[in-house]
Amino acid sequence: MKMKLNCWEIKKCGRGPNDTNVSGLGSCPVAKDFSSNGINGGKNGGRICWDIPHTLCEGTVQHNFSLKAVSCVSCEVFIRVKSEEGSGNFSLLKIFHSGPSADMIDDAEVESDIVVNLPDLPPELVVYNSAGECMKYKRSSQ
């Protein structure tokens with residue numbers, strides 16, 4: 001089985017969890033994003049870096065997925081992870097991995113990269129997007 005590398009290993013940026021290339025820009029948020037651990041088989045955010053805001057790719061601060069999408073989808077990390085995971089296992093956005101705390105009620109299109117990580121969600125959560133459309137989430141039975 002081929003070893004699954006994380007973005008800092010593929011890019012050799014020196015900003016992984018145990019690396020020391022933190023001068024100037026500091027640590028990369030990808031290396032510290034424990035909430036993404038395991039997504040696409042990666043450590044922390046190492047295999048879903050495109051959905052983590054303020055990454056330090058190419059020596060500059062990148063913004064959220066909607067702003068960096070063009071560069072991310074053509075990046076060797078994105079292409080490699082997508083290929084290795086295959087269409088059945090590949091996770092594009094973290095929102096689909098928020099755990100058993102919420103289920104989507106309707107099939108509304110995801111239009112942002114907002115992730116709600118609340119320890120105790122209300123029984124129902126209603127979110128309106130910028131177009132005024134409503135998306136409803138409900139607590140899963142546990």
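This is a predicted model: local features need pLDDT of at least 70, side-chain atom pairs count only at pLDDT 80 or more; totals for chains, interfaces and linings use all residues.
Residues are numbered from 1 along each chain as its sequence is written, and side-chain values use heavy atoms, with hydrogens and water left out.

**Overall layout**

I looked up the secondary structure and found four helices and three strands in the chain, following the pattern α-α-α-α-β-β-β along the sequence; helices (H or I, at least four residues) and strands (E, at least two) are DSSP runs numbered from the N terminus. Of the 142 residues, 31% count as buried, which here is under 20% relative accessible area, with exposed over 50% and partly exposed in between (1.4 Å probe, protein chains only). I then took the contacts (heavy atoms within 4.5 Å): among those between residues at least 6 apart in sequence, 50% join residues at least 24 apart.

**Aromatic rings**

I found three aromatic pairs in the structure; rings of Phe, Tyr and Trp (its six-membered ring) pair if their centres lie within 6.5 Å, with planes under 30 degrees apart counted as stacked, over 60 as edge-to-face and the rest as tilted. The ring centres of W50 and F78 are 4.8 Å apart and the planes stand at 80°, so I recorded this pair as edge-to-face. Because W50 lies in the loop between α2 (29-32) and α3 (65-73) and F78 in helix α4 (residues 76-89), the pair ties together parts that are 28 residues apart in sequence. W50 counts as buried at 1% relative accessibility, and F78 is buried too, with a relative accessible area of 7%.

I next checked F78 against F90: their ring centres lie 5.5 Å apart with planes at 85°, so this pair is also edge-to-face. F90 lies in the loop between α4 and β1 (103-104) and F78 in helix α4, so the pair ties together parts that are twelve residues apart in sequence. W50, F78 and F90 form one aromatic cluster.

**Second largest pocket**

I read off about 350 Å³ of space for the second largest pocket. Its lining has 22 residues, of which K11, L56, C57, E58 and C75 lie nearest the centre, and the elements giving two or more residues to that lining are α1 (7-11), α3 and α4. I sorted the lining residues into 13 nonpolar, five polar and four charged.For the terms, I worked on a 1 Å grid over the protein atoms alone, where a pocket is an open set of points where a 1.4 Å probe fits, with protein on both sides within 12 Å along at least five of seven lines, and lining residues have an atom within 4 Å of a point. Grid points are joined across faces, edges and corners, and a volume is the space filled by probe spheres set on the points. Ala, Val, Leu, Ile, Met, Phe, Trp, Tyr, Cys and Pro count as nonpolar, Asp, Glu, Lys and Arg as charged, and the others, Gly among them, as polar.

I looked up K68 in helix α3, which is buried with a relative accessible area of 4%. Not counting residues up to four places away in sequence, K68 touches C49, W50, I52, T55, Q62 and H63.
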